[in-house]
Amino acid sequence: MEKNKLSTRDQLKTYFEKGKYPTQSQFSDLIDSLTLKEDVMTNKETAILANILASLDNGYIDYSSSQVGTLQFPIAISSRDEEDQEITIGNTSYRMEKRYFLGSEPYTIKVKKISGEELGENEYYSLIYQINQNFTINKFFGNNLPAIPDGFELGTLEGKRLSIQIVKQNLGRKVNIVNTSIRFINKTGVLIQYRAEAGSWGDIYRSEDTVTDHYDIGDFLYLYYNADLRKIEQSIVCKVYDTDNEGLLMTGYLNAGQNNQNSWGGGVINKIRNIRIECDYGDIIPQDPGNNWA
């Protein structure tokens, strides 16, 4: 074999065909083709590997944690063409870690059984994650709040990047869950989704009725909408009512001819337990710079 030139995989296989007796030189070729633990890559080999990684199109997770002690937070990633991949998030001391997923999208992420929780009287774990880079979902767990159960689904990743951050926080008092019932009425023929968000709490986008489980330390709600109106000539108006007294709380606008994504609902809902969202066609509204009508 030519010096410094490795044999191809197919060539190496021919050395071990039935009836053949590999020579010392051929065994040497086989060993030279392997990468061993103690081997140090050359600059050229490192550059080749870096270029391969740069072109990798798999999904991946960025995660970090701080002050979480011995907490072990495992997640399972289901992909289209591989067995479930498990990644465990432990204490990274604020350092960001990155791991690539083994299979192809779509990726569905579920939480596995959490262990090693260590919390003081007024301490909680704050879970912050993104399955869509346009918005963040927050959730407290531990202490007097419900644990995140084995099998809890974070959702299906939209895009390539999943971001997760876990932080232990002392909130100075016990935190309790409060509920707001949301009834959603869509009077149009367009798919409209809404998302509720509160202090240290956030939900996914949905198009059905729901009941929030946000916290009394941030008992207010913002609403956001998704609606693709690029092929629609009429704008849509979404009005929010306090169903206990039928008072109008706020109004959001979805512009015709646009893909309205994460569009602001028009105001804030303070300490109200029952609301109704009604979306219907309406006149085109001049854009208000204070609103997010992307």
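Reader: Where does lysine 112 lie?
Author: This is a predicted model, in which local features need pLDDT of at least 70, side-chain atom pairs count only at pLDDT 80 or more, and totals for chains, interfaces and linings use all residues. Residues are numbered from 1 along each chain as its sequence is written, and side-chain values use heavy atoms, without hydrogens or water. Strands are DSSP runs of E, at least two residues, numbered from the N terminus. Lysine 112 sits in the loop between E5 and strand E6 (123-132).

Reader: Does lysine 112 count as buried, exposed or partly exposed, and why?
Author: Under 20% relative accessible area is buried and over 50% is exposed, with partly exposed in between (1.4 Å probe, protein chains only). Lysine 112 has 32% relative accessibility, so its class is partly exposed.

Reader: Which residues does lysine 112 touch?
Author: Touching means heavy atoms within 4.5 Å. Residues up to four places away in sequence are not counted. The contacts of lysine 112 are then Pro74, Ile75, Ala76, Glu86 and Asp150.

Reader: How many Å separate the C-alpha atoms of lysine 112 and alanine 76?
Author: Along the chain, the two are 36 residues apart. Between their C-alpha atoms, the separation is 6.7 Å.

Reader: Which strands stand at the edges of the sheet of four strands?
Author: This open sheet has the order E3-E2-E5-E8, with antiparallel pairing. Two strands pair if DSSP finds at least two bridges between them. An edge strand has a single partner, so one of its sides has no neighbour in the sheet. That describes strand E3 (85-89) and strand E8 (153-156).

Reader: Which residue in E8 stands opposite isoleucine 109?
Author: Strand E5 (residues 108-111) runs antiparallel to E8, joined by three bridges. Across from isoleucine 109 stands glycine 155.

Reader: What are the edge strands of the sheet of five strands?
Author: Here the order is E4-E1-E9-E6-E7, in an open sheet with mixed pairing. The edge strands pair on one side only: strand E4 (97-100) and strand E7 (135-141).

Reader: How many bridges pair strand E1 with strand E9?
Author: Strand E1 covers residues 60-66 and strand E9 residues 161-170. Serine 66 stands opposite valine 167 in E9. The two strands pair in the parallel sense, and the bridges number seven.

Reader: Which residues line the largest cavity?
Author: A cavity is a set of points on a 1 Å grid over the protein atoms alone, where a 1.4 Å probe fits but cannot get out; lining residues have an atom within 4 Å of a point. The lining is Asn132, Asn134, Phe135, Tyr205, Asn226, Gln261 and Asn262.

How values were computed. 1 Å grid on protein atoms, 1.4 Å probe; cavity = no way out; pocket = protein on both sides within 12 Å on 5 of 7 lines; lining within 4 Å.
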